[in-house]
Amino acid sequence: MNSRVLVCIPTYCESENIARLVEEIFSLEIPGLEILIADDASPDNTATIAENLRDRYPLLTILKRKPPYGRGAAGRDLFLYALEKNFDAAIEMDADFSHDPNSIPQLLKALGNSELVIGSRFVQGGSDSQRPKRRQILTRWANFYARSLLRISVQDTNSGYRAWSRKALEVIEPQTLRAQGPAIVHEALYRAARKKIRIQEIPIRFVDRKLGFSKLNLGKLAYGYFWVLRLAVLGK
Ligand SMILES: Nc1nc2c(ncn2[C@@H]2O[C@H](COP(=O)(O)OP(=O)(O)OP(=O)(O)O)[C@@H](O)[C@H]2O)c(=O)[nH]1
Ligand SMILES: [Mg+2]
């Protein structure tokens with residue numbers, strides 16, 4: 001029997017990206033693959049655009065989220081759906097094409113001999129060379145900060161491009177994840193590492209978004225740093 005894989009995509013104002021992303025993922029023709037989009041009432045009609053694709057792609061589901069909104073809360077709902085619907089694996093990725101959908105087969109292949117696979121910019125063969133230098137430095141610094149404080153021997157702790165086995169998802173207990181913002185990537189990884197989940201990194205080429213706008217701002221960045229510190233101090 002083929003395993004069932006859920007590609008989990010949080011969206012806020014991704015109207016210019018979402019249709020092509022869904023098309024590209026389904027064109028990979030991976031047996032057992034479904035897509036779940038968790039949208040936070042995007043005013044640019046991202047959810048409606050996605051819903052209109054359902055005639056062509058019945059294996060696409062759209063979760064129109066209610067408050068509390070946020071990347072973290074959406075991520076938690078995506079994981080919970082994967083567990084509730086008994087998927088064997090879940091892939092989380094951004095909607096802005098910074099994560100190349102063509103890496104999905106490699107992520108799934110690597111999941112064959114590990115429990116959590118991270119698409120990494122900082123292992124051999126990976127890259128983050130196309131974004132403005134300022135953004136690259138910011139990411140490097142945030143990564144150094146998280147690795148040191150959380151004592152996780154993963155090269156790219158910030159990556160939101162990951163494949164989770166069902167076991168790894170169960171172990172992190174998504175229902176109790178608390179970060180509302182992007183720091184959910186650290187919270188989830190921290191739990192997986194503490195529970196001795198087998199983690200593997202594979203190289204990805206990370207590129208800047210071409211369409212739409214970044215939702216990362218100073219407030220979210222500061223909140224992320226605070227969250228990592230909080231995790232390191234409290235251990236949960
Ligand atoms: N549901 C939901 N999704 C969000 C929210 N904020 C961001 N996202 C999605 O999360 C993914 C990552 O967001 P981006 O805005 O690209 O942020 P980023 O990748 O951390 O930052 P950049 O490198 O500047 O693009 C994208 O798919 C966004 O649409 C949110 O509040 N709710
Ligand atoms: Mg992005």
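Me: Helices are DSSP runs of H or I with at least four residues, strands are E runs of at least two, and both are numbered from the N terminus. Where does that put Lys196?

Reply: This is a predicted model. In it, Lys196 sits in the loop between helix 7 (184-194) and strand 7.

Me: Why is Lys196 called exposed?

Reply: Its relative accessible area is 69%. Exposed means over 50%. The value for Lys196 passes that mark, so the residue is exposed.

Me: What makes the backbone of Lys196 worth a look?

Reply: Its phi. The angle is near 60°, a positive value in a residue other than glycine.

Me: Why is Cys13 called buried?

Reply: Cys13 has a relative accessible area of 9%. Buried means under 20%. The value is under the limit, so Cys13 counts as buried.

Me: What is the peptide bond from Pro67 to Pro68, cis or trans?

Reply: It is cis, with omega near 5°. Pro68 itself is in the loop between strand 3 (60-64) and helix 3.

Me: On to the ligand. Which residues come nearest to ligand 1?

Reply: Glu14, Asp96, Arg135, Ser214 and Lys215, of the 18 residues around ligand 1. By class, the shell has six nonpolar, three polar and nine charged residues.

Me: Which elements each supply at least two residues of that shell?

Reply: Strand 1 (5-11) and helix 3 (71-84) do.

Me: How do you know that Ser214 makes a polar contact with ligand 1?

Reply: A polar side-chain atom of Ser214 lies 2.5 Å from an oxygen atom of ligand 1. The cut-off for a pair of N or O atoms is 3.5 Å. The distance is within it, so this is a polar contact.

Me: What are the distances for Asp96 and Asp94?

Reply: Asp96 has a polar side-chain atom 2.7 Å from an oxygen atom of the ligand. For Asp94 the distance is 3.3 Å. Both values are within 3.5 Å, so both pairs pass.

Me: How much of the accessible area of ligand 1 does the protein cover?

Reply: The protein covers 90% of the 630 Å² that ligand 1 has on its own. The space taken by ligand 1 is the largest pocket.

Me: Glu14 came up in the shell. Which side chain makes a polar contact with the side chain of Glu14?

Reply: That of Arg209, at 3.0 Å. The side chain of Arg209 also reaches the backbone oxygen of Leu211 at 3.1 Å. Arg209 is in the loop between strand 7 (199-203) and helix 8.

Me: Arg209 is a charged residue. Why is Arg209 still called buried?

Reply: The label rests on area alone. Arg209 has a relative accessible area of 15%. That is under the 20% limit, so Arg209 is buried.

Me: Why is Glu115 called buried?

Reply: Its relative accessibility is 9%. The limit is 20%, so Glu115 qualifies as buried. Glu115 lies in the loop between helix 4 (104-110) and strand 5 (116-120).

Me: What are the contacts of the Glu115 side chain with Lys167 and Arg198?

Reply: With the side chain of Lys167 it makes a polar contact at 3.0 Å. The backbone nitrogen of Arg198 lies 2.8 Å from a polar atom of the Glu115 side chain.

Me: Gly112 is also in the loop between helix 4 and strand 5. Is Gly112 buried or exposed?

Reply: Exposed, with a relative accessible area of 70%. The threshold is over 50%, so Gly112 clears it.

Me: Why is Leu36 called buried?

Reply: Leu36 has 0% relative accessibility. That is under 20%, so Leu36 counts as buried. Leu36 belongs to strand 2 (residues 33-39).

Me: Last one. What makes Val233 exposed?

Reply: Val233 has a relative accessible area of 64%. The mark is over 50%, so Val233 is exposed. Val233 is in helix 8 (residues 218-234). Leu149 is 84 residues away in sequence, yet the two C-alpha atoms are 8.8 Å apart.

Terms used. Residues are numbered from 1 along each chain as its sequence is written. Chains are lettered from A and ligands numbered from 1 in the order in which they are written. This is a predicted model: local features need pLDDT of at least 70, side-chain atom pairs count only at pLDDT 80 or more; totals for chains, interfaces and linings use all residues. Side-chain values use heavy atoms; hydrogens and water are left out. A residue is near a molecule or strand if one of its heavy atoms lies within 4 Å of it. A polar contact is a pair of N or O atoms within 3.5 Å; within protein, one must be able to donate a hydrogen and the other to accept it, and residues adjacent in sequence count only if both atoms are side-chain atoms. Accessible areas come from the Shrake-Rupley method with a 1.4 Å probe; for residues, only the protein chains shown count as cover. On a 1 Å grid over the protein atoms alone, a cavity is a set of points where a 1.4 Å probe fits but cannot get out, and a pocket is an open set with protein on both sides within 12 Å along at least five of seven lines; lining residues have an atom within 4 Å of a point. A molecule sits in a cavity or pocket if more than half of its atoms lie within 2 Å of its grid points. Buried means under 20% relative accessible area, exposed over 50%, partly exposed in between (1.4 Å probe, protein chains only).
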